[in-house]
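Welcome, and thanks for opening the viewer.

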Amino acid sequence: MIAAGISDALREDGTWQKKKHKHKKKQDALEAEQSEGPTNDDPITTDGASIDPVEPPVAQEELPEKAANMRMFNIVFVLNPPILEYSLRVKEMYDNITKKFAKALKWEQAKSGYVWKEAKLILKLKDKARENRIPMTSLYKEILEQSSLARAIASIYVSISASKIAGPLMLTQDTQPTLQIPPVTSISVLPALTDPPCLPGLWLTTANSINDEHVSSSAQAHSSTSLYLAKHFALLLLDNESTIVKDIMASAGPLAPELVRYIRASHPTKSFAKVSVRASISLNDIRLLADHLVYWRRARAITPLHQRDTYIVSPNADMRRLPAACKAYEVTFPALPSLPNMLAALSGPPRPYGTLIPSKDHKEAYFQILAWLLRGGWVTQLRTFAWIRVDKDVKLAVDRTMKEERKRERSEDQKNGSNELAELQHYFPIFAKEMDGSEALEKIPIIHGMKRLKAWEILNRIGVGDPRVSVDDGDTAPEMEETASRPNGTGTVNGRGEMLDNIIYG
């Protein structure tokens, strides 16, 4: 057993919080206007309502006489974590629950002596129960009915124990924090047979939505993870858009209008960068709003859905939920192929998702099906990885080839061939950065703003082609025709996730 607690004590000047200077307040107000919203380090509601102080702290002399006698209070949560997760669970509880809950209580204590009043009420009820010999079960029920602090602590225990969001916690009319421990939402690899099993249905993906490059310090200060969602990712809502918008509008939080505007402009096939241009919303605002929705379990950051990408049934899909999922699927897509048929189609040989779309008119409906399947953890994107290893013999062969090509460039008859070589010379250094075995090749056309067909043509020519069926790019209907597989020569491999041993440059 371990206690994760924090204590708040009265300051020497008789206040519970440090007073801010006037010039500091003006500077903070200006920064607040320029910022896009509250940080996730502060207790906020799931829809953006903050409990940041709006009034100056009350001096100890201004509090009621008995409340002025309170010098310190402690917030302690007792845990019994597994031995292998001991440090992780204690840190999660302290950072996400204990510290933030104590911050809210400290503010209310400074303003009105809230903690002292609630403690006095609970002690009074306990003394009364002792005198009248009231059973403990009845006492606890009465305390929960009369004390908002007790109800808040009980709500935290019940919700956090079930890995749910606790709140809004009704401490007072002005202070209603919402707390949670962010859950694990995805895994990149399945656990080994000797490791503890992962939760069935957990999203399986190697896509990393976090990008810490080119991030300003002000933006990092307002991000829950101190990192930025990569601009080439998209937003997948985890519930119906109308339901989420209704909940956000009902909350009337400061972020509500901007969140609703962004949600209505977003689409799982459009990256943050594309939505920014199309909806005239700054990319920084979109990233912060998306981060807020992801943090509060309203959405998930995914690679944009595309008909040329390949999706398969997830090895971690929870098939125990299939009967219930079939009923929900039938209600949502009554006139389309059933859920078992879709899963069967995605369980066959890997091929681009566009080959499953029968016509242009069905394109949007099939993307909605794909989003539904991803939302429930039924499917995952099949991604390609490459690792370049250049042997000494290959380097010598490259040197000889380059000398021969330089000779050919002088001849007008080799003009077309030289153009192709120049194109390879231009793109290969760019593509090679993604061929370290850790980045999927599907990212190349997204992050470099290229058509997928063009990118795979170049990859084909350098020996990392796509052997699957090809479909038209863009908004046109997919063509149902097969293309030849990539060449299988020296230094190339046909298969996904295998090492690219050698590559002859040019």
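For this tour, a residue is buried under 20% relative accessible area, exposed over 50% and partly exposed in between, using a 1.4 Å probe and protein chains only. The model is predicted, so local features need pLDDT of at least 70 and side-chain atom pairs count only at pLDDT 80 or more, while totals for chains, interfaces and linings use all residues. Residues are numbered from 1 along each chain as its sequence is written, and side-chain values use heavy atoms, with hydrogens and water left out.

**The whole protein**

Begin with everything shown. The protein holds 17 helices and 12 strands; these are DSSP runs numbered from the N terminus, with helices (H or I) of at least four residues and strands (E) of at least two. Of its 506 residues, 44% count as buried.

**Helix H2**

Now select residues 86-112, which make up helix H2. Look here for salt bridges, meaning a side-chain nitrogen of Lys or Arg within 4 Å of a carboxyl oxygen of Asp or Glu. The whole structure has 11 of them.

Show Arg 89 and Glu 92 first: their closest N and O atoms are 2.9 Å apart. The two sit 3 residues apart in H2, so about one helical turn separates them. Arg 89 is partly exposed, at 31% relative accessible area.

Next, pick Lys 91 and Asp 95, a salt bridge with closest N and O atoms 2.7 Å apart. This pair is 4 residues apart in H2, again about one helical turn. Asp 95 is partly exposed at 23%, whereas Lys 91 counts as exposed at 55%.

Then move to Glu 108 and Lys 111, whose closest N and O atoms are 3.3 Å apart. Both lie in H2, 3 residues apart, about one turn of the helix. Is this pair buried or exposed? Lys 111 is buried at 18%, and Glu 108 is buried at 1%.

**Helices H12 and H13**

Finally, select residues 339-346 (H12) and 363-375 (H13), whose axes come within 12 Å and cross at roughly 85°. Axes here are lines fitted to C-alpha atoms over the stretch in contact, with angles from 0 to 180 degrees between N-to-C directions. H12 and H13 are therefore roughly perpendicular, a term covering 65 to 115 degrees. Their contact (heavy atoms within 4.5 Å) involves Leu 339, Met 342, Leu 343 and Leu 346 of H12, with Tyr 366, Ile 369, Trp 372 and Leu 373 of H13.

Methods
Parallel < 35°, antiparallel > 145°, perpendicular 65-115°, else oblique.
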